[in-house]
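Biologist: I would like to learn how to read a structure feature by feature. Please take me through this one.

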Amino acid sequence: MSKAANPRRVGEREALAVATTVRGSAYKLNLVAGLIRGKKAGDALNILTFSTKAMAVDVRKVLASAIANAENNHNLDVDELVVKEASVGKSITMKRWTPRARGRSAKIMKPISRIRIVVREADEEAGA
């Protein structure tokens, strides 16, 4: 008895990449993800390359992975790819403590986030 095939989580002409442990808050990550939603994949890579935000490095890696998945796993045309979805969510939070005055302590919260990027091959007819 063989193992059942894992069903696709995205459409037929789409590719997906997920990063589950991005060190930083979901709010800051979502600001960067908002820059690339709906853009062509090449333009989105350029935006992230020259962005001054620190989270742009991690988002760029995930986008590059989604583009590579589209090309190698799903045989999609790289020049026609568009960022269909760039969603961000919270993951775990590391909790640390630091000493304060008079024998007290204070919390340090170190958030970890996840990002999911879906690229889609654009229709040639829709652009014309």
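Biologist: Where is Gly 34 placed?

Modeller: Gly 34 belongs to helix H1. Bear in mind throughout that this is a predicted model.

Biologist: Is Gly 34 buried, partly exposed or exposed?

Modeller: The relative accessible area of Gly 34 is 37%, so the residue is classed as partly exposed. Distance in space is a separate matter from distance in sequence. Gly 34 and Glu 85 lie 51 residues apart in sequence, and their C-alpha atoms are 9.7 Å apart.

Biologist: How should I read the pairing of strands E2 and E3?

Modeller: Look at the direction and the number of bridges. E2 and E3 pair in the antiparallel sense, over 16 bridges.

Biologist: Next, salt bridges. What is the idea, and how many does the structure hold?

Modeller: Side chains of opposite charge can pair when their charged atoms come close. The structure holds 4 salt bridges. One of them joins the side chains of Glu 121 and Arg 13, at 3.5 Å from N to O. This pair links distant parts of the chain: Glu 121 is in strand E3, Arg 13 is in the segment before strand E1 (14-23), and 108 residues separate them. With a relative accessible area of 15%, Glu 121 is buried, whereas Arg 13 is partly exposed at 28%.

Biologist: Which residue forms a salt bridge with Lys 84?

Modeller: Glu 14 does, and the closest N and O atoms are 2.8 Å apart. Lys 84 is in strand E2 (residues 81-99) and Glu 14 in strand E1, so far as the chain goes a link between distant parts, 70 residues apart. Glu 14 counts as buried because its relative accessibility is 5%.

Biologist: What about Arg 116 and Glu 85?

Modeller: They form a salt bridge too, with 2.8 Å between the closest N and O atoms. Arg 116 lies in strand E3 and Glu 85 in strand E2, 31 residues apart. Arg 116 is partly exposed at 24%, and Glu 85 is partly exposed at 26%. Salt bridges with shared partners also join Glu 14, Lys 84 and Arg 120 into one network.

Biologist: How do I read the largest nonpolar core?

Modeller: Ask which members touch the most others, and which elements supply them. The core has 27 residues, and Ile 36, Val 59, Leu 63, Val 83, Ile 115, Ile 117 and Val 119 touch the most other members. E1, H1 (26-36), H2 (41-49), H3 (56-72), E2 and E3 each supply at least two residues. H3 gives the most, with 7 residues. Leaving aside neighbours within four places in sequence, Val 119 is in contact with residues including Ala 15, Leu 63, Ala 66, Ala 70 and Val 83.

Biologist: Which residues of H2 are buried?

Modeller: Ala 41, Ala 44, Leu 45 and Leu 48 are buried. Seen down the axis of H2, its buried residues fall within an arc of 100°, so they line one face of the helix. These buried residues pack against H1, H3 and E2.

How values were computed:
Residues are numbered from 1 along each chain as its sequence is written. This is a predicted model: local features need pLDDT of at least 70, side-chain atom pairs count only at pLDDT 80 or more; totals for chains, interfaces and linings use all residues. Side-chain values use heavy atoms; hydrogens and water are left out. Helices (H or I, at least four residues) and strands (E, at least two) are DSSP runs, numbered from the N terminus. Buried means under 20% relative accessible area, exposed over 50%, partly exposed in between (1.4 Å probe, protein chains only). Two strands pair if DSSP finds at least two bridges between them. A nonpolar core is a set of buried Ala, Val, Leu, Ile, Met, Phe, Trp, Tyr and Cys residues joined through side-chain atoms within 4.5 Å. Contact means heavy atoms within 4.5 Å. The arc is that of the directions from the helix axis to the C-beta atoms.
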